[in-house]
Amino acid sequence: MSIKNVAIISNCNIPEKLSAAMGVAKKIESRVESIYIPEAYRDRIMRSHNHRPKFSYKTTDEIYSSSDLVIAIGGDGVMLEAARRATPTGTAILGINMGRVGYMTELEMTELDLLDKIFDGEYYFDERAMLKVEIKSSKGQSRFSAYALNEAVIAKGATARIIDLELSDNGRLVSEYRADGLVVATPTGSTAYSLSAGGPIIDPKLSCFCVTPICPHSLVARPLIFPDSAVLEVKNICVREKVLHLTVDGKATFDLFYNDTVVITKSSVKTKLLRIKNDDFYSKIRMKKFV
C-alpha cells in the first residue's frame with residue numbers, strides 16, 4: 001500500500017496539541033504528497049504561522065474518504081472518534097499518545113523518528129472487531145444505529161441510580177439485572193469502562209463480546225463472555241425511570257424509553273490500526289499498568 005496523502009487529526013485549539021501536530025507534519029512532509037488538516041483549524045494555523053505548502057484543508061468527510069492514513073494525536077478519545085469515522089471508508093489509523101493512557105495508540109511523542117518506517121513499508125495492520133449497535137422501539141422500529149470500537153453502555157445517565165434491564169441472546173433470556181447499568185464491550189474495549197466495572201481483560205484476537213454489570217445489586221451477577229455470533233438484546237424494563245441512555249464509545253448518547261431494546265451484534269466492518277512496533281498485547285497491558 002502506497003501512503004501518499006496523510007491526514008493529521010488533533011485538537012489544534014490546544015497549544016500543546018497544535019505544536020505536536022506541527023511536529024508530526026514537519027517529520028513526514030518530505031515523504032508525502034499532501035497533508036490533510038481539518039478546515040476548522042485553518043485560521044488557527046494561519047494565525048500561528050504554522051501553515052506549510054503541503055497542507056490541504058478538508059472537511060471531516062473529505063479527510064476520511066480521501067486520505068491513505070489518518071494520524072490521530074491525543075488519547076484514546078481521539079482514537080475512538082477517528083475509528084468511528086474511518087471504519088466505513090476502510091482508512092487506516094495511527095495513534096500518537098498525548099493522553100493519560102493511550103492504550104490504542106502506537107507511538108509516544110518521543111518516538112516520531114519511527115514514522116519513517118511507514119514510508120519504508122515497515123508496518124502492518126491490526127484489525128479490530130467492532131460492535132453494531134441499534135435501538136429498536138417496542139414496535140420493532142429501528143430508531144438509531146452506530147458502530148462501536150470499545151463499548152455500548154446502557155445506564156441512567158447523569159444521576160447514578162439503580163435501573164432494571166433484561167439481557168437476551170438470540171431471543172433467549174439470559175438474565176435480568178438491577179444495577180447502575182450494563183457495559184457490552186469488544187475485546188479492545190475490555191481495557192476501558194468494562195475493566196473499571198470489574199470485567200476481564202480480553203486478548204483482541206479472541207472473537208467474543210463481554211457483558212459487565214455496573215455496580216449490580218446482587219451477590220451473583222458477574223461479567224459474561226459471549227461468542228461474537230451472539231445477537232445480544234438489552235431491554236429497558238425499568239418502570240421507575242422515564243428514560244435511560246445508551247452511550248456508544250463514551251461519545252454519542254441516545255434516549256432509551258421503556259420497552260426499547262438495544263440490539264448488539266458483531267459489525268461487518270473493522271477498525272484498521274497501523275502498527276510500526278512489534279509490541280505484543282501483553283507487553284502493552286504491562287506497560288500501561290493494567291496488570
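**Figure 1. Largest nonpolar core of the predicted model.** Ile-8, Leu-69, Ile-71, Leu-94 and Ile-118 touch the most other members of this core, which holds 32 residues. A nonpolar core is a set of buried Ala, Val, Leu, Ile, Met, Phe, Trp, Tyr and Cys residues joined through side-chain atoms within 4.5 Å; buried denotes under 20% relative accessible area, exposed over 50%, and partly exposed the range in between (1.4 Å probe, protein chains only). Two or more residues each come from strand 1 (5–9), helix 1 (15–28), strand 2 (34–38), strand 3 (55–58), strand 4 (69–74), strand 5 (92–97) and helix 5 (116–119). Helix 1 supplies the largest share, seven residues. Helices (H or I, at least four residues) and strands (E, at least two) are DSSP runs numbered from the N terminus. The model is predicted: local features need pLDDT of at least 70 and side-chain atom pairs pLDDT 80 or more, whereas totals for chains, interfaces and linings use all residues. Residues are numbered from 1 along each chain as its sequence is written, and side-chain values use heavy atoms, without hydrogens and water.

**Figure 2. Surroundings of Leu-69.** Leaving aside residues up to four places away in sequence, Leu-69 is in contact (heavy atoms within 4.5 Å) with Ile-3, Asn-5, Val-6, Ala-7, Thr-91, Ala-92, Ile-93, Leu-94, Ile-118 and Leu-274. Another core, of 27 residues, lies apart from the largest one and includes Phe-144, Ala-148, Leu-182 and Leu-256.

**Figure 3. Cys-208 and Cys-210.** The whole structure contains zero disulfides (pairs of cysteine sulfur atoms within 2.5 Å). For Cys-208, the nearest cysteine sulfur is that of Cys-210, 7.5 Å away, which is too far for a bond. Cys-208 is buried at 10% relative accessible area, and Cys-210 is buried at 0%.
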